[in-house]
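I opened my notebook to look this structure up piece by piece. The entries follow in the order I made them.

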Amino acid sequence: MKLFAPFKIAGRALRRNKMRSLLTMLGIIIGVGSVIASVSITTGATKQVEDKVASLGQNVVTVFSGNFTSGGMRGGWGSAPTLTIEDARAIKNEVGNVVAVSPEVRDREQILANGLNWNTQIQGESPDYPQIRDWDIASGSMFTDGDVRSLGKVAVIGKTVVDQLYGSDDPVGQTLVIRNIPFKVVGVLAAKGFNLFGQDQDDVVLIPYTSHMRRITKRTFVNSIMVQAASKDTINLVQNDINTLLRDRHKSAEPDFTVRSQLELMQMATATTRIMSVLLGAIASVSLIVGGIGIMNIMLVSVTERTREIGIRMAVGARGRDILIQFLIEAVTLSLAGGMVGIALGMISAQIVAATTGWPTITPFAWIGIACVSSAGIGIVSGFYPAWKASRLDPIEALRYE
Amino acid sequence: MQTRPVIELAEIHKVYRTGEVDVHAVRGVSLDILPGEFVAIMGSSGSGKSTLMNMIGCLDRPTGGKYLLDGIDVSTLDRDQRAVIRNDKIGFIFQGFNLLSRTTAQENVEMPMLYNRHRVSAQEQKERARSSLELVGLGKRADHKPNQLSGGQQQRVAIARALVNKPSLLLADEPTGNLDSQTSIEIMGVFQKLNEAGITIVMVTHELDVARFTKRMVVLRDGKIVTDELVRDRMDAAVELGKLKAAQEAVKLA
């Protein structure tokens, strides 16, 4: 049997009943279309969340100190005085695959500059901080390890702080007063926007963590330690090693700290969209199954209608498998054509959703492939029984069929 | 020189097991048909001639006896093997023409080549179908669909289709059953012409008039051969056609 002959026969048979072929395909069109549309919408949503999580930094593992409880009041993560600069140093020196560490001290202060004042987050960090957070310096530079050692009165400020205190002036080189201590602005951070939780990340002043601890908050512990792993694959390893190291150092029965990785955060953040995509996928696959049943139904009708044709073909030498292939190809042509139209329709409706709601939608190429393969698969599965039935016909009976 | 028969039937039996009663449709038929013969198998309905035809045509398998087609024992072949034999060695012509509707004459004739064991190029398919149609005098009608052709022309397309794979045997089942008398004679003329060119033809019919165009008549009754003899007063299609035309003209003149 020729390679293309069955396609030609199938095409002719389908063209003969255009309306019927179209209606049969409609089931697959709607099924594939809804799969593609829902995948596009949920992928867009997931991508958006992932971007937000990625804005937290590159391969970041964060150590929070434990919960501080006093007189029944529980202070929440980061409140217990358990993490120290020595812990941070130990992590940097003893844990493998760590490329950067920044002990973190946070506080809100009223700051003064340029005759204006503003309440903002003051963060004590190490010079590694911009690298960990994947955060560019827009102008000036980050403070140095020397500033950390010398308790330098230097600050790197975020975009919001610039807007509020300096307006259009260049803040680099100007003075900023925190708790009556003048700090020199050495750098400005690039704008980063809102984080996953809707907080303005640019409303921040970075100073060396030593300066923060000695000059401003006068405390001996840090709120948290930010650690950057060498790669995405080593995040879990680094997380485990930090856990082991700190448990060892703190020698407490209950761990008085928590280690969170960006991967975990990513998983938590995308959990909702994942559930949504599973749900939408389940609904879409129901319509695909219904579409498949439609194809099977029409193929059964077609086999009965064309019993005589099958008889003629068998009489002139078509074997059972020739007939089987012919009808299978017909079913696959139907479902694959439906799948193609469905993909186009799904992408168009995703675009419409994007245009009307402003949600970002992305159609992954892999899913276009999956849609093609599964619609072909539906064609094979639903076409098989009718095709097998046709191939088992007795030529004598089939020729006699009116 | 001894030529090997195209068809060798030896003690062929066919029993249909339908429910409780066995129907013995063919009860021991032995028959040799040599290359170049033109045989009519005759009999009333129920004589077993259709059953015998189906077995000769490898559409069905005998329940007893041995059938050699072109020297090949086909009585034990399975469905697919018989399909290959049908494609290669037998050309079918049916009473109801059995052309694919909405498909041109050309494509109808090409159809058997789709199932050839050996690949035939699209070009060669076209050429072979075309020359086959020319052989039956329909070269100019290749692009017509069956509903644009008369009954006689449709049967010619069917003959062209039967010839396209150069079969060892042309098998016709009541080929004139759906045709008027003039067209019937024309079709018989086509058969006679093909037979003169050396093609073996076996034709099942119940019409004695039609059988008289053949060379040999085999009559079946109750699943057995009762007569097997050469046709003595053989009719020539061209002569008969001329007679018919003359008669028609006479009526018109009158």
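Before the surface entry I noted a definition: accessible areas come from the Shrake-Rupley method with a 1.4 Å probe. On that basis chain A exposes about 18,900 Å². Carbon and sulfur atoms supply 60% of that area. I also noted that this is a predicted model.

**Entry: chain A overall**

I looked up the secondary structure first. Chain A has 13 helices and 12 strands. Next I checked its extent. The C-alpha atoms of chain A fill a box of roughly 105 × 50 × 40 Å along the principal axes. I then looked up the radius of gyration. For chain A it is 33 Å, whereas a compact globule of 402 residues would have one near 21 Å.

How much of chain A is buried? I found that buried residues make up 51% of its 402 residues. I turned to contacts in chain A with a separation of 6 or more. Of these, 77% join residues 24 or more positions apart.

**Entry: helix α1 of chain A**

I picked helix α1, residues 5-16 of chain A. This helix has 12 residues and reaches 17 Å from its first C-alpha to its last. That is close to the 16 Å expected at 1.5 Å a residue. I listed its buried residues, among them A:P6, A:I9, A:R12 and A:L14.

What do the buried residues of α1(A) pack against? In chain A I found α2 (18-54), α10 (307-315) and α11 (320-357).

**Entry: positive phi**

A:N180 has a phi of about 70° and is not a glycine. I placed A:N180 in the loop between β8 (175-178) and β9 (181-189) of chain A. Is A:N180 buried or exposed? It is exposed, with a relative accessible area of 70%.

B:R102 also has a positive phi, about 55°, and is not a glycine. I found B:R102 in the loop between β6 (90-93) and α3 of chain B.

**Entry: aromatic pairs**

My search of the whole structure gave 3 aromatic pairs over all chains. One of them is A:Y129 with A:W135, a tilted pair. Their centres are 6.4 Å apart, with 50° between the planes. Both A:Y129 and A:W135 are buried.

I then looked up B:F38 and B:F191. Their ring centres are 6.2 Å apart and their planes lie at 75°, so the pair is edge-to-face. The pair links distant parts of the chain, 153 residues apart. B:F38 is in strand β3 (residues 38-42) and B:F191 in helix α6 (residues 181-196), both of chain B. I noted that B:F38 and B:F191 are both buried.

How values were computed. Residues numbered from 1 in each chain as written. Chains lettered and ligands numbered in written order. Predicted model: local features only at pLDDT ≥ 70, side-chain atom pairs only at ≥ 80, totals over all residues. Heavy atoms only, no water. Helix = DSSP H or I, 4+ residues; strand = E, 2+ residues; numbered from the N terminus. Expected span 1.5 Å × (residues − 1). Buried < 20%, exposed > 50% of the residue type's maximum accessible area, 1.4 Å probe, protein only. Contact = heavy atoms within 4.5 Å. Phe/Tyr/Trp six-rings, centres within 6.5 Å; stacked < 30°, edge-to-face > 60°. Rg over C-alpha atoms; globule rule 2.2 N^0.38 Å.
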